[in-house]
Amino acid sequence: MKNIGINGYGTIGKRVADAVSAQDDMKILGVTKRSPDFEAKNAVEKGYDLYISVPEREKDFEEAGIEVSGTADELFEKLDLVVDCTPGGVGAQNMNDIYKKIGLKAIFEGGEDHDAIGSSFNAESNYDANLGKDYVRVVSCNTTGLCRTLKPIRDISGIKKVRAVMVRRGADPNDAKRGPINGIVPSTTVPSHHGPDVQTIIEDMNVMTMALIVPTTLMHMHNIMVELEDDITTDNVIDAFENAYRVLPLDPSLKIGSTAEIMEYAKNLGRSRSDMYEIPVWKESINVTDGELFYMQAVHQESDVVPENVDAIRAMLELEEDGEKSILKTNKVMGIL
Ligand code: NAD
């Protein structure tokens, strides 16, 4: 049983903590918090040992009646691996200032740059390349979504070129600081960072992305166009998505016509926090015409990367040599469809 810690118990950190706790080959030894808020209180109520990132604030936690087990540095000394879920840029700093100095393996999230960390991860695409690695970045929610569906397409047909329009949510649902939101904000840098980010996982993928941000908090959406090498059919693509491990083709009979309804569907599944770990693809949007494939998919930004973190831990600690076995194990424990 490997000892895992979470540094940064926010949107991603709290979900990774629960996913790790559910596995039988790893456990959460502690999570870190900077301030004594409701998230800190909930963490302790869930049974996580809480360590504070700012030691001077111990008194604030005491006054709030939140039990503290020590400082973040004390937690790091006890771990086999830390999952750093701090905001973008902080993780790379932590790698150099803390983890490397004490020889602690660490996973980082999509807010970090590939070059700063040195290796990027998506379970289905490059598990093997990350076996035994010390520092690995689980790519962002959007890049994870692109890799999840482009990999199975490439397995059945070569890909000449990918073009994708990324429609991004304006803020996470709990992010009151960014709201109220109105207007559509184009990312005028083309390509957006998503295309190059896919190439940190699938190096030779010819992929170009454009992005815009819209006033919604629920999910991102991708409109994807793929020039195919081989003569495949719409049904071949549907089969490939049905057989992929974390892709969920949505049948038209479900009458799910929006991201709002996808999230309602996730609520009905009764999952923790109503999460949607899979990448839902509207089946009726999948269409091969004149050697080009078109499809539309959605990404639950708060949760699709969570199972990837579990698999990254297994790869880095060499708990499982075979990526497929790790994916299946994680999927079973997390109830992934
Ligand atoms: P968040 O703001 O919800 O959580 C970050 C947590 O880290 C907060 O609890 C914050 O208090 C804490 N923190 C801040 N500075 C810290 C420090 N110096 N030391 C310790 N803790 C610190 O952020 P998030 O959305 O969970 O994002 C975390 C990472 O995951 C980022 O790299 C982000 O790009 C990536 N990511 C986010 C999403 C998303 O949609 N939210 C999706 C995929 C990946």
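Which backbone atom type of Gln301, N or O, lies 3.5 Å from what kind of ligand atom? A backbone N or O atom of Gln301 lies 3.5 Å from an oxygen atom of the ligand. The model is predicted: local features require pLDDT of at least 70 and side-chain atom pairs pLDDT 80 or more, whereas totals for chains, interfaces and linings use all residues. Residues are numbered from 1 along each chain as its sequence is written, and side-chain values use heavy atoms, with hydrogens and water left out.

**View A. Surroundings of the ligand.** The ligand is surrounded by 20 residues, each with a heavy atom within 4 Å of it. The closest are Thr11, Ile12, Gly111, Arg169 and Asp172. A polar side-chain atom of Thr11 is 2.9 Å from a ligand oxygen atom, and one of Asp172 is 2.6 Å from a ligand nitrogen atom.

**View B. Helix 1 and its cover.** Helix 1 spans residues 11-21; helices (H or I, at least four residues) and strands (E, at least two) are DSSP runs numbered from the N terminus. Of its 11 residues, 10 are buried, where buried means under 20% relative accessible area, exposed over 50% and partly exposed in between (1.4 Å probe, protein chains only). Thr11 and Asp18 are among the buried residues. The cover includes strand 1 (2-7), strand 2 (26-33), helix 2 (38-46) and helix 13 (323-334).

**View C. Asp18 in helix 1.** Asp18 belongs to helix 1 and counts as buried because its relative accessibility is 18%. Beyond neighbours within four places in sequence, Asp18 is in contact with Lys46, Tyr48, Ser272 and Arg273, contact meaning heavy atoms within 4.5 Å. The side chains of Asp18 and Tyr48 form a polar contact of 2.5 Å; the term denotes a pair of N or O atoms within 3.5 Å, within protein one able to donate a hydrogen and the other to accept it, with residues adjacent in sequence counted only if both are side-chain atoms.

**View D. Arg137 in strand 8.** Arg137 lies in strand 8 (residues 135-138) and is buried because its relative accessibility is 2%. A polar contact of 3.3 Å links its side chain to that of Thr200. Residues touching Arg137 include Glu109, Glu112, Asp113 and Asp197.

**View E. Lining of the second largest pocket.** Among the residues of this lining are Arg15, Arg273, His300 and Glu302. A pocket is an open set of points on a 1 Å grid over the protein atoms alone, where a 1.4 Å probe fits, with protein on both sides within 12 Å along at least five of seven lines; lining residues have an atom within 4 Å of a point. Helix 11 (residues 259-268) gives the most to the lining, with four residues.
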